[in-house]
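Welcome, and please open your viewer.

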Amino acid sequence: MDQRRDPRGALVRPYAVTRGRTEPLQDIALEAVLSCTPTQVAESRFAGHDKYRIATVCEGRAQSLAEIAAYTRMPLGVTRVLVADLVAEGLLTLHTAAPAEGFEERMNLLGRVLSGLREL
């Protein structure tokens, strides 16, 4: 049966990609900024197709976790698990966030991220 027409393929794939894990090794915020060097991209080729796709999205241009999910068209939960794996393996660089802000500032930031994603 054609996988594009079989709804079961879409349901099983995320589970298979993360090997059944639903929680990342490290908690990474939605707005966390990640980047990848050409060397890291080359090494990520051996980490699997989906991890390689994530690395290529971050090569030469820092991306937020939300942007990576949008560009790769993977569910956010799956992206979060794979990104945490890449960070733990040294194949993706997580840049430290700004000092903790108040609730209002964080909500404004998330609103800007969502607006940016809608423009894609």
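**First stop: a loop residue**

Select Arg73, which lies in the loop between H4 and H5. Helices here are DSSP runs of H or I with at least four residues, strands are DSSP runs of E with at least two, and both are numbered from the N terminus. The model you are looking at is predicted, so local features need pLDDT of at least 70 and side-chain atom pairs count only at pLDDT 80 or more, while totals for chains, interfaces and linings use all residues. Residues are numbered from 1 along each chain as its sequence is written, and side-chain values use heavy atoms, with hydrogens and water left out.

Is Arg73 buried or exposed? Arg73 counts as exposed, at 78% relative accessibility. On this tour, buried means under 20% relative accessible area, exposed means over 50%, and partly exposed is in between (1.4 Å probe, protein chains only). Now look at the backbone: just after H4, Arg73 takes a positive phi of about 60 degrees. Most residues other than glycine have a negative phi.

**Step back: the whole chain**

Show the protein chain as a cartoon. Its secondary structure comes to six helices and three strands. Follow the elements from the N terminus and they run α-β-α-α-β-α-α-β-α. The chain has 120 residues, of which 33% count as buried.

Next, colour by pLDDT, the predictor's confidence in each residue, from 0 to 100. The protein chain averages 78, and 74% of the residues score at least 70. Where is confidence lowest, and where is it highest? It is lowest in helix H1 (residues 7–17), at a mean of 56, and highest in H3, at 90.

Contacts come next (a contact means heavy atoms within 4.5 Å). Among contacts between residues at least 6 apart in sequence, 70% join residues at least 24 apart.

**Helix H4: one side tucked in**

Select helix H4, residues 65–72. Which of its residues are buried? They are Leu65, Ala66, Ile68, Ala69 and Thr72. These residues cover an arc of only 160 degrees around the axis, so they sit on the same side of H4. The arc is that of the directions from the helix axis to the C-beta atoms.

Tyr71 counts as partly exposed, at 36% relative accessibility. Draw a C-alpha to C-alpha line from Tyr71 to Ile54: they are 17 residues apart in sequence and 8.6 Å apart in space.

Show the charged side chains. A salt bridge is a side-chain nitrogen of Lys or Arg within 4 Å of a carboxyl oxygen of Asp or Glu. By this rule the model has three salt bridges.

Begin with Asp50 and Arg53, whose closest N and O atoms are 3.3 Å apart. Both residues lie in helix H3 (residues 49–58), three residues apart, about one turn of the helix. An α-helix has 3.6 residues a turn, so residues three or four places apart point the same way. Asp50 is buried, with a relative accessible area of 10%, whereas Arg53 is partly exposed at 24%.

**A network around Lys51**

Select Lys51, Asp85 and Glu89 together: they are linked in a network of salt bridges. Lys51 is buried, with a relative accessible area of 9%.

Asp85 forms a salt bridge with Lys51, with 3.6 Å between the closest N and O atoms. Asp85 lies in helix H5 (residues 76–88) and Lys51 in helix H3, so this pair ties together parts that are 34 residues apart in sequence. Asp85 is buried, with a relative accessible area of 6%.

Glu89 also forms a salt bridge with Lys51, the closest N and O atoms being 3.1 Å apart. Glu89 lies in the loop between H5 and strand E3 (93–95) and Lys51 in helix H3, so this pair ties together parts that are 38 residues apart in sequence. Glu89 counts as partly exposed, at 42% relative accessibility.

**Last stop: a charge over a ring**

Finally, select Arg45 and Phe46. The charged end of Arg45 sits over the ring of Phe46, 5.7 Å from its centre. A charge sits over a ring if NZ of Lys or CZ of Arg is within 6 Å of the ring centre and within 35 degrees of the ring normal.
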